[in-house]
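Please give me a brisk report on this protein model.

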Amino acid sequence: MEKDVDKLERARLARKEIIDHMDCDDCTEDYVFLLKQGGRESGMGLTTVLSMLAFAEHEGAVPPLPPEWWLKVSRRY
C-alpha cells in the first residue's frame, strides 16, 4: 500500500503560504490554507482542518490532544 501512496500526487500548499484573513470583515475563516494539486488550487479553512483533526482523534487515527488544547481552540475559533 505504501507504494500506491507514493505514486499519488500529494496536495501541497500553493505559493508556500497560509493566507491570513483575520482582518477581513467578509471572511468566515481567520486562516485559509491554499492547496494545489496538479493544476488545481483550492482553499481549506482552519475550522475545516480542526474539524478533520477532531474526527481523526475520535476515530483513533491520531493520538488524543489534551482537553485544555481543545478548550483553547474552541474559545478562539
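The report below goes from the whole chain to single residues.

## Overall layout

This is a predicted model. The protein chain has three helices and three strands. Along the sequence, their pattern reads α-β-β-β-α-α.

Of the 77 residues in the protein chain, 16% are buried. The accessible surface is about 6500 Å². Carbon and sulfur atoms account for 55% of that surface. Take the contacts between residues at least 6 apart in sequence: 21% of them join residues at least 24 apart.

Strand β2 covers residues 31-37, and strand β3 covers residues 40-45. The two run antiparallel and are joined by six bridges.

## Helix α2: threonine 48

Helix α2 spans residues 46-58. Threonine 48 is found in this helix. Its relative accessible area is 36%, so threonine 48 is partly exposed.

How far is threonine 48 from glutamate 29 in space, C-alpha to C-alpha? The distance is 9.4 Å, and the two residues are 19 apart in sequence.

## Helix α2: glutamate 57

Glutamate 57 also lies in helix α2. This residue is buried, yet has no salt bridge. Where is the nearest side chain of opposite charge? That side chain belongs to lysine 72, 15 Å away. A salt bridge would need a side-chain nitrogen within 4 Å of a carboxyl oxygen.

What does glutamate 57 touch, leaving aside neighbours within four places in sequence? Its contacts are Val62, Pro63, Pro64, Leu65 and Trp70.

## The tryptophan pair

A search of the whole structure finds one aromatic pair. Tryptophan 69 and tryptophan 70 form this pair, and the arrangement is edge-to-face. The rings are 4.9 Å apart, centre to centre, with 80° between the planes. An angle over 60 degrees counts as edge-to-face.

Are the two tryptophans buried or exposed? Tryptophan 69 has 32% relative accessibility, so it counts as partly exposed. Tryptophan 70 has 19%, so it counts as buried. The cut-off for buried is under 20%.

Key:
Residues numbered from 1 in each chain as written. Predicted model: local features only at pLDDT ≥ 70, side-chain atom pairs only at ≥ 80, totals over all residues. Heavy atoms only, no water. Helix = DSSP H or I, 4+ residues; strand = E, 2+ residues; numbered from the N terminus. Buried < 20%, exposed > 50% of the residue type's maximum accessible area, 1.4 Å probe, protein only. Lys, Arg positive; Asp, Glu negative; His and termini not counted. Contact = heavy atoms within 4.5 Å. Phe/Tyr/Trp six-rings, centres within 6.5 Å; stacked < 30°, edge-to-face > 60°. Pairing = 2+ DSSP bridges. Areas by Shrake-Rupley, 256 points an atom, 1.4 Å probe, with all protein chains shown as cover.
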